[in-house]
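Hi everyone, thanks for making time. Have a look at the screen, and I'll walk you through what is there.

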Amino acid sequence: MEQAAAEILDFSKPFDCTLLDQIVALAYDGSNPNRQAADDFLCNLIQNPDIWKRTYDVLEKSKEDKSKVFIIRCLNEMITTRWNIIPSDKKQSIRTYIVQKILEMSDTDALLKQHGTFLTGNMNMALVQIL
């Protein structure tokens, strides 16, 4: 798992969304003996001060809603704990991206069903915390 953390947090390389998807799927697989290790890994990852920077990559590239919900949890953690130390231009770009993504994901009933109300609800919560 340490190698996975190094890979996910290495901002000099393109983000491997498949790796995060696999770890999140493992954490949700109650029958897998490595479930606890994956869950612990994700709990530690949420506390990493830079993981929120992967929000765009995960929301745009992941095929798994559970991974998207996870990264929104990471973003929410950053908003509640470190929002005031983020530069204003970054705050504005985060706010703009979240608004655009919410509108994109809820543009039609079909899209809303595809992304699920849980995912859009988490996005809405992030926006409320920002505002």
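Arg73 sits in helix 5; helices here are DSSP runs of H or I with at least four residues, numbered from the N terminus. This is a predicted model, where local features need pLDDT of at least 70 and side-chain atom pairs count only at pLDDT 80 or more, while totals for chains, interfaces and linings use all residues. Residues are numbered from 1 along each chain as its sequence is written, and side-chain values use heavy atoms, with hydrogens and water left out.

Now for the partner of helix 5. The axes of helix 3 (residues 35–46) and helix 5 (residues 65–82) come within 9 Å and cross at roughly 35°. Those axes are lines fitted to C-alpha atoms over the stretch in contact, with angles from 0 to 180 degrees between N-to-C directions. From helix 3, Leu42, Leu45 and Ile46 meet Phe70, Arg73, Cys74 and Glu77 of helix 5, contact being heavy atoms within 4.5 Å. By class, we have five nonpolar, no polar and two charged residues there. Ala, Val, Leu, Ile, Met, Phe, Trp, Tyr, Cys and Pro count as nonpolar, Asp, Glu, Lys and Arg as charged, and the others, Gly among them, as polar.

Let's go inside. The largest nonpolar core has 40 residues, and Ile8, Leu20, Leu42, Leu75 and Ile98 have the most contacts inside it. Such a core is a set of buried Ala, Val, Leu, Ile, Met, Phe, Trp, Tyr and Cys residues joined through side-chain atoms within 4.5 Å. Which helix gives the most to this core? Helix 5 does, with eight residues. As for Leu20, leaving aside neighbours within four places in sequence, its contacts include Ile8, Leu42 and Phe70.

Last stop, Thr55, which lies in helix 4. Thr55 is buried, at a relative accessible area of 6%. Not counting residues up to four places away in sequence, Thr55 touches Ile71, Ile72 and Leu75.

Definitions and conventions: Helix = DSSP H or I, 4+ residues; strand = E, 2+ residues; numbered from the N terminus. Buried < 20%, exposed > 50% of the residue type's maximum accessible area, 1.4 Å probe, protein only.
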